[in-house]
Amino acid sequence: MSEDTDHTTPSPVINDLDSSTSSVSFEADELLQAFSGERFGEWYRERKYRQNIENGTPYFNGSTSISDPERHTPSQLLQCHRKIFYQRLKAPQEKPDPSGIFWFGSQFEEEFMMPYLRDIASQEDAYVSNSLWVDYTIDTDAGEIQIKGETDPAIVNDDAEPLFLFEIKTKRTIEGVTEPNRHHIAQVHAYMVGLSKKYEIAIDQAVIVYGSRTNLSIKSFIIDFDTEFWEEVVLNWAKTHTEYRLQDELPPSSPEYGWECQFCSYQERCGKGSKEYKNSGSAGLLPSYSGYPREKLVLYLKSNPDSKLTPTLAWKFPNLAEKYGVYDWSCSRCRKMYTWKEIDPRQKNGRRPTCPECSFVGPPGQLAGPSTAEQ
Ligand code: SF4
Ligand SMILES: [Zn+2]
C-alpha cells in the first residue's frame, strides 16, 4: 500500500469526549458495581466453566464421582492423609480454587516453558510433548493399587518416546528455595515408574522446575530415581491411604508439612479452623457454617444428590434453595423443628439463632441444621 495519503477517504468521525454529546453513558455507580469483586468472580468462574466444556475438558470443572480407594493421582501423593481423604470423597470445600495461581501456572508453562523446551530439544533433534499419561498398578500388602495421571512436558524422540521428563511448578517467589518439595519428588517418581513401564525403557531422572510468579526467574533440580524412597515412603503412603479408604476410617489430623493446614480447604471440618467443628466425616455440610463458596457448594450438592442445603446456607443462597431443597432448623434444647424460612439467621452476626419456643425459660436453645452425620 502506498504511503501517500488518500485524500478521497472520508476522515473518521471522532466522538466528542463531552458525555452530553455521546450516546454512550456510564454512571460511576453502575461501573463500580460492575467492578465489584463478586461480579467479576462470577463472570470469571462462568467463563472458565464454559471454556472447559467448549474445550472438551469438563472434568476441570470438578468431578462429581468418588474415586476408587485403590486409585492414586501422582500430584496427591505424600500429602496430609485426611485432606486427600476429604478431597477424594468429595467433602464440601470451604475455599474457592486459587484460580490466579492455576491461571499463572498454565500460562507460565504454555508461554515460556514449552517454547523454551522446544528450542532446547531442537538442538538435539528431539521434540517436546505437552504431556504423557501414565496408568499402572502395583501389588502391595494392602492389595493392588493403581496410579494414574498426566505428566508435564517431556522431551521425546521422533517416535514420541520420552527422553527427559519435566515437572513445572510456580511459586510466589523462588528466593530461598534450596531443594524441591518432597511431594513433588514423589510425584515425579510416580511418573518415572509409569513411563518406564509404558515405554519399556529406564527413565530414572526427571527435572523439577520452579518458576517465580514475582520475577519469572526459574530454579531447577535434577531428581534421580531413588528405589528406597519410592518403595518405603511413597508406596507406603499410598498403601496406608488405601487402607483408610477401605476401612472408611477418617485419617488423623496430622499434616505432612507445616504449610498444609493454612492452604487446606477442609480446615473447619477437620478442626483446624476457627469454628467449633472437629473430626467431621467426609459427608455433610457443617450445620451452621456459611463460608462455602457457591461453586463448591453446587459441586457438593451435585456429587451428593440426596443432600440438601442447611438453613444457614439457604438464607445465603436462596436461589439454590428451590433446586436442591433445604433441611429444617432444629432446636438444641427442645428439639422443635422450624422450616428454614421461619427463622432468619442474618441478624445474628454469625451466632446461631435462638429458639423462639424455649427462649423464655432459662437459656434458650440454639438453632442449626442437622449434624453432618444426620445429613
Ligand atoms: S486442616 Fe491440616 S490436618 Fe486438617 S485436613 Fe487440612 S491439612 Fe490435614
Ligand atoms: Zn427450643
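Where the domains touch, domain 1 puts in 6 residues and domain 2 puts in 8; contact here means C-beta atoms, placed from the backbone, within 7 Å. On the domain 1 side, that's 2 nonpolar, 1 polar and 3 charged residues (nonpolar: Ala, Val, Leu, Ile, Met, Phe, Trp, Tyr, Cys and Pro; charged: Asp, Glu, Lys and Arg; polar: the others, Gly among them).

This is a predicted model: local features need pLDDT of at least 70, and side-chain atom pairs count only at pLDDT 80 or more, while totals for chains, interfaces and linings use all residues. Residues are numbered from 1 along each chain as its sequence is written, and chains are lettered from A and ligands numbered from 1 in the order written.

## Helix α4

Helix α4 covers residues 99–122; helices are DSSP runs of H or I, at least four residues, and strands are E runs of at least two, numbered from the N terminus. There's a kink of about 35° at M113, shortly before the proline P115 (the angle between axes fitted to the seven residues ending there and the seven starting there).

The buried residues of α4 are F108, E109, L117 and A121, buried being 20 or more other C-beta atoms within 10 Å. They pack against β2, β5, β6 and β7.

## Around E357

E357 sits in the loop between β10 and β11. Beyond its neighbours within four places in sequence, E357 contacts C331, C334 and K336.

Conventions: Contact = placed C-beta atoms within 7 Å. Expected span 1.5 Å × (residues − 1). Buried ≥ 20, exposed ≤ 12 C-beta atoms within 10 Å, placed from the backbone.
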